Amino acid sequence: MSRARKGAAGGGSWLKWIFLLPILAFLAVQLYFFLQICWWIEHNPSSTAFMREQLSALRESNPNAALQQSWVPYARISTNLKRAIIASEDANFSEHEGVDWEALQKAYEKNNKKRKVVSGGSTITQQLAKNLFLSGSRSYLRKGQELIITYMLERMMDKERIFEIYLNVVEFGSGIFGAEAAARHYYGIGAAGLGASQAAKLAVMLPNPRFFDKHRDSGYLARRTGVILRRMGSAELP
C-alpha cells in the first residue's frame, strides 16, 4: 500500500472516532443514570445534583452552610401534603407515563411567544429527573435529557416510589429540602402532622420556594392556597 493510501486510511480511522466518541460518551452517561436509578429502587438518595448545586451556592457566602433534609418513609408523610402537591403540581400524576404532552405543548407555545424558555410543563417525574441529575439551567438540550431520565424512572420504579423520593428531595426554601425539613422549618412539626391548610400552602410554594420563604404573607400565596385546598379532595394518590 502506498503512503498516500495509508494516510487516507489513517485519516478515515480518526474521522470515524471523531463521530463515535461523542456517541459513546452519551451512551456512557445514560448507562450511569440508568444504574443509579436501579440502585435507588431499594436505596434512598443521600443527595441530588440540585441539592449539591444549592449547597455550593450557599457556601459562597457562608462556608459553614448546611442543608436541612431528613428522609421519612412515604407512610410517614401527611396525606394532606401528598394530595396538595398532586393538585398543585401534577393533577394527572397517577395516570400519565411520566410526561403530560398537552402541558408540554402549551409550554412550547409559551416559550416560542416569549422567544426564550420560561415554562417547562414538567410533571412530578420530570421534576424529580431534573433534581436528581441535572442543573437548574433551562434549555431544550437539558429538556431532552430530562425526558430520557423520566422514561427510565417510570419504567424502573412504581409511582409511589417516584413520589416518595420526590417528597424527600424537593426544595421548599433556601437550604430546605424534603417534606420533613419543610414541616419543621415552617410549622415546627413533623411531616406526618401537616394539616390541610399547612400542606396546601407548602405545595403552592414549590415553584418558587426561596421567594415565598421570605414572603409568607403574599396575597398570591393565600389565594392560591385556597384554590389548592378546594382541589385536594379530588387528587388521586399512587
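## Exercises: a pocket, a buried pair and a core

In this predicted model, α3 gives the largest share of the lining of the second largest pocket, namely three residues.

**Exercise 1. Describe the second largest pocket: how much space lies in it, and which residues lie nearest its centre?**

*Solution.* 
- Step 1: The space in this pocket comes to about 220 Å³.
- Step 2: Its lining is made up of 13 residues, and Glu89, Asp90, Ala91, Asp100 and Ala103 are the ones nearest the centre.
- Step 3: Look at the helices next. Both α3 and α11 (219–231) supply at least two residues of the lining.

**Exercise 2. Find His96 and decide: is it buried or exposed?**

*Solution.* 
- Step 1: Go to the loop between α3 (79–89) and α4 (101–114), where His96 is found.
- Step 2: The relative accessibility of His96 is 11%. Buried means under 20%, so His96 counts as buried.
- Step 3: Now see what surrounds it. Leaving out residues up to four places away in sequence, His96 touches Asp90, Thr123, Thr125, Glu154 and Lys159. One of these, Asp90, is also among the residues nearest the centre of the second largest pocket.

**Exercise 3. Which residues does Glu154 touch, and why does Glu154 count as buried?**

*Solution.* 
- Step 1: Locate Glu154 in helix α6, which covers residues 140–156.
- Step 2: Glu154 counts as buried because its relative accessibility is 11%, and the cut-off for buried is under 20%.
- Step 3: Setting aside residues up to four places away in sequence, Glu154 touches His96, Glu97, Gly98, Thr125, Lys159 and Ile162.
- Step 4: With Lys159 there is a polar contact of 3.0 Å between the two side chains.
- Step 5: Glu154 and Gly98 are 56 residues apart along the chain, yet 6.1 Å separates their C-alpha atoms.

**Exercise 4. Which residues have the most contacts inside the largest nonpolar core?**

*Solution.* 
- Step 1: This core has 53 residues.
- Step 2: Ile85, Leu153, Phe163 and Phe172 have the most contacts inside it.
- Step 3: Take Phe172 as an example. Not counting residues up to four places away in sequence, Phe172 touches Ile85, Gly178, Ala179, Ala182, Tyr186, Leu202, Met205, Leu206 and Pro209.

Key: Residues are numbered from 1 along each chain as its sequence is written. This is a predicted model: local features need pLDDT of at least 70, side-chain atom pairs count only at pLDDT 80 or more; totals for chains, interfaces and linings use all residues. Side-chain values use heavy atoms; hydrogens and water are left out. Helices (H or I, at least four residues) and strands (E, at least two) are DSSP runs, numbered from the N terminus. Buried means under 20% relative accessible area, exposed over 50%, partly exposed in between (1.4 Å probe, protein chains only). Contact means heavy atoms within 4.5 Å. A nonpolar core is a set of buried Ala, Val, Leu, Ile, Met, Phe, Trp, Tyr and Cys residues joined through side-chain atoms within 4.5 Å. On a 1 Å grid over the protein atoms alone, a cavity is a set of points where a 1.4 Å probe fits but cannot get out, and a pocket is an open set with protein on both sides within 12 Å along at least five of seven lines; lining residues have an atom within 4 Å of a point. Grid points are joined across faces, edges and corners, and a volume is the space filled by probe spheres set on the points. A polar contact is a pair of N or O atoms within 3.5 Å; within protein, one must be able to donate a hydrogen and the other to accept it, and residues adjacent in sequence count only if both atoms are side-chain atoms.
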